[in-house]
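Subject: Handing over the structure, with notes

Dear colleague,

I am passing this structure on to you, and you will find it directly below. My notes follow it, and I would be glad if you read them with the structure open.

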Amino acid sequence: MARSNAPIRVLVAKPGLDGHDRGAKVVAKAFVEAGMEVIYTGLHQTVDQIVAAAVQEDVDVVGLSIMSGAYMGYTRRVMERLRDQKADDKLVVVGGVIPAAHVPALKEFGVNEVFLPGTRLDDIIDYVKGKIGPR
Amino acid sequence: MGDIEKSKIEDIARAQQEWEEKNKASRIEKKYTSTGIGIKPLYTPADVPDLDYLRDIGFPGDYPMVRGGHPLGYRTKLWVTRQYAGFGTAAESNQRFKYLAKEGNTGLNIAFDLVTQMGLDSDNPEIEEEVGRVGVAIDSLEDMEVLFDGIPLDKVSTAFTINATAPIIIAMYYVTAEKQGVSPDKLGGTVQNDNLKEYFSRGAFIFPVQPTMRMTADLFEFCSKVIPKYIPVSVCGYHIRESGATSVQEIAFAFLNAIAYIENALSRGLDIDSFAPRLSFNFATLMGFFEEIAKYRAARRIWARILRDRFGAKDPKSWRMLYIAGSTGGSFTRRQPDCNVIRGAIETLASIISGAQASATHTKDEGHTIPTPEAQIIALRTQQLIAYETDVPNTIDPLAGSYFVESLTNEMEKQIEATMAEVEANGGIIKAIEEGWVQRLLMRQAYEDRRKVELGERPLIGENMFVMEEEKETVALHYADPKWVQEQIRRVRALKERRDNARVKETLDALGRAARGKGNIMYPLIDAVRAYATLGEMTAVLKEVFGEFKEPVNIF
């Protein structure tokens, strides 16, 4: 996260078999409109593919979109794999159909923030900018 | 020349204009449908000056089918309540289906887990947490037999929400029916099998477009020749709408996909009237009540014209646009979830007034969890209330003749046809998908719609109006028992040990040869199913021959 003045780089990723990508694409588009550089993985990504892309693209932020109910397993494994790759300095945010009661468990895996349906796009952008800092 | 003589229309138009001026109608806030069609505060015969009843509207069951495909509508047959259900193992789902049937659900709509939809087996370690999650896990014929245990397949109408692996699931269904002693000509039901929309809306694609279209044609041909009552496709505007399409684009893109399937089937030498009566659609009804009703009426008129004039279908049954419509999950909110019961009721009411043949109402907990049985019952009761307590089913197409609804029907018709013509002029829907044009369009519109909600330009109760501070989450959660996953993995592993693996290999080799050749893959699939080859094994063979679809991701 050392590059100054460079745009914030975000990986928007769809782990697992879920094909519901409206939310991921809307958030990705919002990041682009906010001046960030977005790498969108497309659908059906394995945990290894996502972590490899995050490292290779040297992103500041990893956003996971999960609508399939399988958020626990995928999130836990992404966090573990990021740590294995010494890439756990990245900001990790998760969005999707997730019961509020399960948010604390995701944060225990090391996720920085979880955005539930109905979250304002500007709130997500402000959160990311606030965490990564001014460029 | 319309039904009302020209001089009368002119009188009315003049009077209407005077009325508008007197009441300063032009100064009030303008209103639009979700597609941007301007809505006036009042409509009169002057808004449908050329309306010719016999030519433009006609009678139900007759061309141009505007009033509905079935002559006597709900008076002879109520719509099928088709609540979407399925989770865990086949045994768990079988119990849920029976529970819903006991509560009066008249048709099944089976949800498969993503593992099944994506052609994998449950014992694949990469996807373990997806097993039985959003639908039922089906690995082999063994699971299908359990799924339909005690459910007579010649009596219960079953819909399968399955696409890329549809040929495999239908092969399993066919063999299950055979084992139940149901003769193929009695086997009814519907398979979604609409793969084109998977590429740009629903995302459960596996194979590239061309081999997928070939398998779609194989399945059409098989249904037409072997299980003639079975509906081989449910073309989904629903998912297209949910991905960001307008109501106009929903119909336009769904029809373009349907035309692609028809041309595909015709290229096999099938006669249009041998399969067109069993084409069906799946649409989304949102909160724009009259817009949605007009949309369905316009769509029926266009579809009848396409089938009669473009494809030369002779059988009036080929001209009917039959569809399932209820509510739309994307219109539901996470906040104030009880409001979703009301949204579901209003949307389902519009769908029924429009004349849907089957309906599914969403559950209020959409934004939180996989549906609980309690939420499913409220959704089912929504339909039953409309069916039995209201007078809505008593008369066919009750809004026909409304100046407003007829005017809006005409406007929707014009816009849908213009949208279809634009895509066709630019090389057609398949090119639009492969180049990512349609994905980009829907993404942009979805983004703009979200911004409109956040700016308060599109009212959404609980989100941008009447927001309640410190709302408590009161929704009960679906319970996924981890034992189901373990049980499913154990079952498929045990099967792989127990079956005649030499026979499985023979049938899979034959499947590979058929895929490389030109024959219909349904027959080698049925042989492989009989040998208890798994869905994952069959898909792997097809992937090796056909490859996989490369999704365009540079769309922002």
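In what order do the strands of the open sheet in chain B come, and is the pairing parallel or antiparallel? The open sheet has 4 strands in the order β4-β5-β6-β7 of chain B, and the pairing is parallel. Its edge strands are β4 and β7 (190-191) of chain B, each of which pairs on one side only. Before going further, please keep in mind that this is a predicted model, in which local features need pLDDT of at least 70 and side-chain atom pairs count only at pLDDT 80 or more, while totals for chains, interfaces and linings use all residues. Residues are numbered from 1 along each chain as its sequence is written, and chains are lettered from A and ligands numbered from 1 in the order in which they are written.

Some terms first. Helices (H or I, at least four residues) and strands (E, at least two) are DSSP runs numbered from the N terminus, and two strands pair if DSSP finds at least two bridges between them. A residue is buried if 20 or more other C-beta atoms lie within 10 Å of its own, exposed if 12 or fewer, and partly exposed in between, with C-beta atoms placed from the backbone.

The sheet of chain B

Strand β5 of chain B (residues 107-111) is mostly covered, with 5 of its 5 residues buried. B:Gly107, B:Asn109 and B:Ala111 point one way from β5(B), whereas B:Leu108 and B:Ile110 point the other way. On one side, β5(B) pairs in the parallel sense with β4(B) (residues 84-85) over 2 bridges, and B:Ala85 stands opposite B:Ile110. β5(B) also pairs in the parallel sense with β6(B) (residues 157-161), here over 5 bridges, and B:Ser157 in β6(B) is the bridge partner of B:Gly107. From β6(B), 2 bridges lead on to β7(B), again in parallel, and B:Phe160 has B:Val191 of β7(B) as its bridge partner. Together with helix α3 of chain B (residues 90-102), β4(B) and β5(B) make a right-handed β-α-β unit (right-handed if, with the strands pointing away from the viewer, the path from the first strand over the helix to the second runs clockwise).

Helix α10 of chain B (residues 247-266) has 20 residues and reaches 29 Å from its first C-alpha to its last, close to the 28 Å expected, and 15 of its 20 residues are buried.

Where the chains meet

The contact takes 34 residues from chain B and 32 residues from chain A, two residues being in contact if their C-beta atoms, placed from the backbone, lie within 7 Å. On the side of chain B that touches chain A, the largest share, 5 residues, comes from α17(B). A:Tyr40, found in strand β2 of chain A (residues 37-40), counts as buried because it has 26 C-beta neighbours inside 10 Å. Leaving aside residues up to four places away in sequence, A:Tyr40 touches A:Val12, A:Ala28, B:Val553 and B:Phe556.

Backbone details in the loops

The peptide bond from B:Tyr63 to B:Pro64 is cis, with omega near 5°, and B:Pro64 is found in the loop between α2 (53-57) and β3 (80-81) of chain B. A:Lys86 is a residue other than glycine with a positive phi, near 55°, and A:Lys86 counts as exposed because it has 8 C-beta neighbours inside 10 Å.

With best wishes

How values were computed: The expected span of a helix is 1.5 Å times one less than its number of residues.
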